[in-house]
Amino acid sequence: QVNDLITITGIKAFGYHGVFEHEAENGQDFFVDVELRVNLDKASESDELKDTVDYGAITDAVVSEITGERVQLIERLAGRIADRVLSEDARVKSVAITVHKPNAPVSAPVQDISVRIDRTR
């Protein structure tokens with residue numbers, strides 16, 4: 001089991017995901033947290049970017065999914081992001097993606113609504 005972890009927290013982008021038509025028209029901010037299980041032994045010794053997962057590229061991939069094709073459910077968005085991250089770098093052994101939708105249209109004030117998807121290679 002790989003115990004090393006790369007975490008990217010609070011990736012923010014504007015998207016049009018949601019069940020309701022006003023969400024598709026107006027859009028809203030989404031926030032994504034990424035946890036990557038990666039063996040970092042080599043990078044921790046070499047100090048070379050090529051020996052680790054490029055978290056700049058991962059961040060760009062997440063933003064691309066948030067700003068991309070509309071989905072109705074953040075569950076679907078989280079799954080698409082997880083699949084994309086796993087395809088970005090074969091060294092990622094597992095990924096946890098949390099999609100936050102703090103402005104979700106619900107009947108009571110909420111601080112946040114989020115969905116977490118865990119995928120293992």
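Analyst: This is a predicted model. E1 and strand E2 (residues 28-37) pair in the antiparallel sense over nine bridges.

User: What makes E1 and E2 a pair?

Analyst: Two strands count as paired if DSSP finds at least two bridges between them. E1 and E2 have nine bridges, so they meet that cut-off. Within E2, Phe-30 is the residue opposite Ala-13.

User: What is the order of the strands in the open sheet?

Analyst: The order is E1-E2-E3-E4, four strands with antiparallel pairing.

User: Why do E1 and E4 stand at the edges?

Analyst: Strand E1 (5-15) and strand E4 (114-120) each have a single partner strand, so one side of each has no neighbour in the sheet. On average, neighbouring strands are turned by 15° against each other, direction ignored.

User: Which strands does helix H3 touch, and which does helix H4 lie across?

Analyst: Helix H3 (residues 55-66) packs on the sheet and touches E1 and E2, its direction making about 30° with that of E1. Helix H4 (residues 74-88) lies across E2, E3 (94-100) and E4, and runs at about 145° to E3.

User: Which residues touch the most other members of the largest nonpolar core?

Analyst: That core has 28 residues, and those touching the most other members are Val-32, Val-34, Leu-36, Ile-81, Val-95, Ile-97 and Val-99. The largest share, seven residues, comes from H4.

User: What is Ile-81 in contact with, leaving aside its neighbours within four places in sequence?

Analyst: Ile-81 is in contact with Val-32, Val-62, Glu-65, Ile-66, Ile-97 and Val-99 once those neighbours are left aside. Contact here means heavy atoms within 4.5 Å.

Technical notes:
Residues numbered from 1 in each chain as written. Predicted model: local features only at pLDDT ≥ 70, side-chain atom pairs only at ≥ 80, totals over all residues. Heavy atoms only, no water. Helix = DSSP H or I, 4+ residues; strand = E, 2+ residues; numbered from the N terminus. Axes fitted to C-alpha atoms, helices over the stretch in contact; angles between N-to-C directions. Core = buried A, V, L, I, M, F, W, Y, C linked by side-chain atoms within 4.5 Å. Buried < 20%, exposed > 50% of the residue type's maximum accessible area, 1.4 Å probe, protein only.
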